[in-house]
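User: Hi! I'm new to this one and would like a friendly walk through it. Could you put it up on the screen?

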Amino acid sequence: MAAILSLLLLSCMQCHAQLSATFNDNTCPNALNTIRTSIRQAVSRERRMAASLIRLHFHDCFVQGCDASILLNETTSIESEKTALPNLGSARGYGVIDDAKAEVEKICPEMVSCADILAVAARDASTAEVVNEKTT
């Protein structure tokens, strides 16, 4: 009976995510600019990359959130989403994310997660596509 009462009590509690668009403003104030610059350069080199980065982001995000697990390389102990049959040869843009992460690491080592970089890259790719479209 106590277990059922506890479950009912827990199911009534609200959960509040503490996500913030300004989370890195104090710890890495130039992170967003650095990612934006990296993504714009990649999209200007290959226009289709904008759509690829957005698709990569959506392949990473499922019901319980985004974790950048699609960026993990295959090892002897894990089967990578990167090389999984549904993504093999279709998901692309890994190098662009790696480059953006490397640039962010130069200014703020170990401060910005790969999941955040992937989400911001997808956002910036959507606007970079529009910017490039207007200039051509």
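User: Let's start with Glu110: is it buried or exposed?
Analyst: Glu110 counts as exposed, because its relative accessibility is 73%. The cut-offs are under 20% relative accessible area for buried, over 50% for exposed and partly exposed in between, with a 1.4 Å probe and protein chains only.

User: And where does Glu110 lie?
Analyst: Glu110 is part of the loop between H4 and H5. Its phi is near 55°, a positive value in a residue other than glycine. Helices (H or I, at least four residues) and strands (E, at least two) are DSSP runs, numbered from the N terminus.

User: Before we go on, what kind of model is this?
Analyst: This is a predicted model, where local features need pLDDT of at least 70 and side-chain atom pairs count only at pLDDT 80 or more, while totals for chains, interfaces and linings use all residues. Residues are numbered from 1 along each chain as its sequence is written, and side-chain values use heavy atoms, with hydrogens and water left out.

User: Thanks! What other residue has a positive phi, near 65°?
Analyst: That would be Ala68, also a residue other than glycine. Ala68 sits in the loop between strand E2 (65–66) and H4. With a relative accessible area of 7%, Ala68 is buried.

User: Zooming out, how many helices and strands are there?
Analyst: The protein has five helices and two strands. Starting at the N terminus, the order of elements is α-α-α-β-β-α-α.

User: How much of the protein is buried?
Analyst: Of its 136 residues, 33% count as buried. The accessible surface is about 9300 Å², and 60% of that belongs to carbon and sulfur atoms. Those areas come from the Shrake-Rupley method with a 1.4 Å probe; for residues, only the protein chains shown count as cover.

User: Switching to cysteines, how many disulfides are there?
Analyst: The count is two disulfides, a disulfide being a pair of cysteine sulfur atoms within 2.5 Å. In general, a disulfide is a covalent bond between the sulfur atoms of two cysteines.

User: Which cysteine does Cys28 pair with?
Analyst: Cys28 pairs with Cys108, and their sulfur atoms are 2.0 Å apart. Cys28 lies in the loop between helix H1 (2–12) and helix H2 (31–45), and Cys108 in the loop between helix H4 (94–107) and helix H5 (114–135), so the pair ties together parts that are 80 residues apart in sequence. Both Cys28 and Cys108 are buried. The link is right-handed, with 90° about the S-S bond.

User: What about the pair of Cys61 and Cys66, how far apart are their sulfur atoms?
Analyst: In that disulfide the sulfur atoms are 1.9 Å apart. The torsion about the S-S bond is about 110°, so the disulfide of Cys61 and Cys66 is right-handed. Cys61 counts as buried at 19% relative accessibility, while Cys66 counts as partly exposed at 37%.

User: And what is the pairing, if you number the bonded cysteines in sequence order?
Analyst: The pairing is 1-4, 2-3.

User: OK, new topic. What does UniProt list for "active site"?
Analyst: The unreviewed UniProt entry lists His59. UniProt positions are given in the numbering used here, feature names are shortened, and annotations may be inferred rather than shown by experiment.

User: Which residues is His59 in contact with?
Analyst: Leaving aside neighbours within four places in sequence, His59 is in contact with Ile70, Glu81 and Asn87. Contact means heavy atoms within 4.5 Å. His59 belongs to helix H3 (residues 49–60) and counts as partly exposed at 22% relative accessibility.

User: Which residue lies over the face of Tyr94?
Analyst: Lys82 does, at 4.7 Å from the ring centre. A charge sits over a ring if NZ of Lys or CZ of Arg is within 6 Å of the ring centre and within 35 degrees of the ring normal.
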